[in-house]
Amino acid sequence: MKNRIIDVQNVKITISKEELDDYICITDIAKVKSNSSRAADVVRNWLRNRGTLEYLSVWEQIYNPAFKVFESEHFKKQAGLLTFTPSVSEWIQKTNAVGLYVKRGKYGGTYAHKDVAFEFASAISPVFKLYLIKEFQRLKEEENNARQIEWNAKRFLSKSNYLIQTDAVKNYILPQRDFKKDSKWIAYAEEADIVNVALFGFTAKAWREKNPELAKKNNVRDFATINELTVISNLETHNAQMIREGKKKEQRFEVLKEIAEYQLNILNTAEQIKMIEICDNDLTSSEALCLRDSFPI
């Protein structure tokens, strides 16, 4: 996952987003107390402490079902002995711990789950811990703001272009219909579904039936990627223009399907587009659209 760097009292601290949660490089934190070459020794000495082992064991038992409690007791019994010099790798290997891990290469060092990292910072410097927490919270606020900005942008693209399409339906389709047999909402729904099926492969109704709980507060487009919503935006504009030209639905659907396939492929494979995405891949919910395989076009 992508690493992020925060500056805490002129010390660069690396944060890595892992599957479980955020992990902070405690080797970087150790540099507050020692130089870079001795930082690993600071971490090792911290691990020798019985209080540290007690904390790590309890944390693992709470969050890690696979933790080997019996093996951890072996470490705690040796705490305080001059011959006891455990390594982080040894702790992980023998207890199946997940609160710590060792990373090699660039940004290498010992990483700890944020709960554990803050505990380590307390042992290094209570004052530094407070500044670390402050900077960490600032980082999370920035990330949350970025998510909100992207979400708003996605919804704006979808809604603003949907207005273009619905206006076209109102002015160019409804007047030709028999209002006694067909209601306005039917025409609107059909046009929206032409776009949905062209891109997703299923109708909004089919998605709602398949996802009744999600459908209470969301619609299928809330789970689209930024690339998919960009294509939706373009499809709605194209559809509106074809409606003005008087093209039949069957004709428009074939054109829209080709456009959707082409544009989505371009966006998904263009590296420069991927590099400017605001959020990491785990922030999107496009996995929810895997349901499309269940609905033939």
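Q: Let's start with strand pairing. Which residue in β3 is the bridge partner of S16?
A: The general idea: strands of a sheet pair through backbone hydrogen bonds, either parallel or antiparallel. In this predicted model, S16 has Y23 of β3 as its bridge partner. Strands β2 (residues 11–17) and β3 (residues 22–25) run antiparallel, with three bridges joining them.

Q: What is the order of the strands in the sheet?
A: Read across the open sheet of five strands and you get β1-β2-β3-β5-β4, with antiparallel pairing. At the edges sit β1 (3–8) and β4 (100–103), each pairing on one side only. From one strand to the next, the twist averages 30°.

Q: Which helix packs on that sheet?
A: Look at α6 (residues 114–124), which touches β3, β4 and β5 (109–113). Its direction makes about 110° with that of β5.

Q: How do I read a helix pair, then? At what angle do the axes of α4 and α5 cross?
A: Check the axis distance and the crossing angle. For α4 (residues 69–78) and α5 (residues 88–95), the axes come within 8 Å and cross at roughly 145°. On the α4 side the contact is made by E71, S72 and F75, and on the α5 side by E90, W91, K94 and T95. Sorted by type, the residues of this contact are two nonpolar, two polar and three charged.

Note on methods. Residues are numbered from 1 along each chain as its sequence is written. This is a predicted model: local features need pLDDT of at least 70, side-chain atom pairs count only at pLDDT 80 or more; totals for chains, interfaces and linings use all residues. Side-chain values use heavy atoms; hydrogens and water are left out. Axes are lines fitted to C-alpha atoms, for helices over the stretch in contact, and angles run from 0 to 180 degrees between N-to-C directions. Helices (H or I, at least four residues) and strands (E, at least two) are DSSP runs, numbered from the N terminus. Contact means heavy atoms within 4.5 Å. Ala, Val, Leu, Ile, Met, Phe, Trp, Tyr, Cys and Pro count as nonpolar, Asp, Glu, Lys and Arg as charged, and the others, Gly among them, as polar. Two strands pair if DSSP finds at least two bridges between them.
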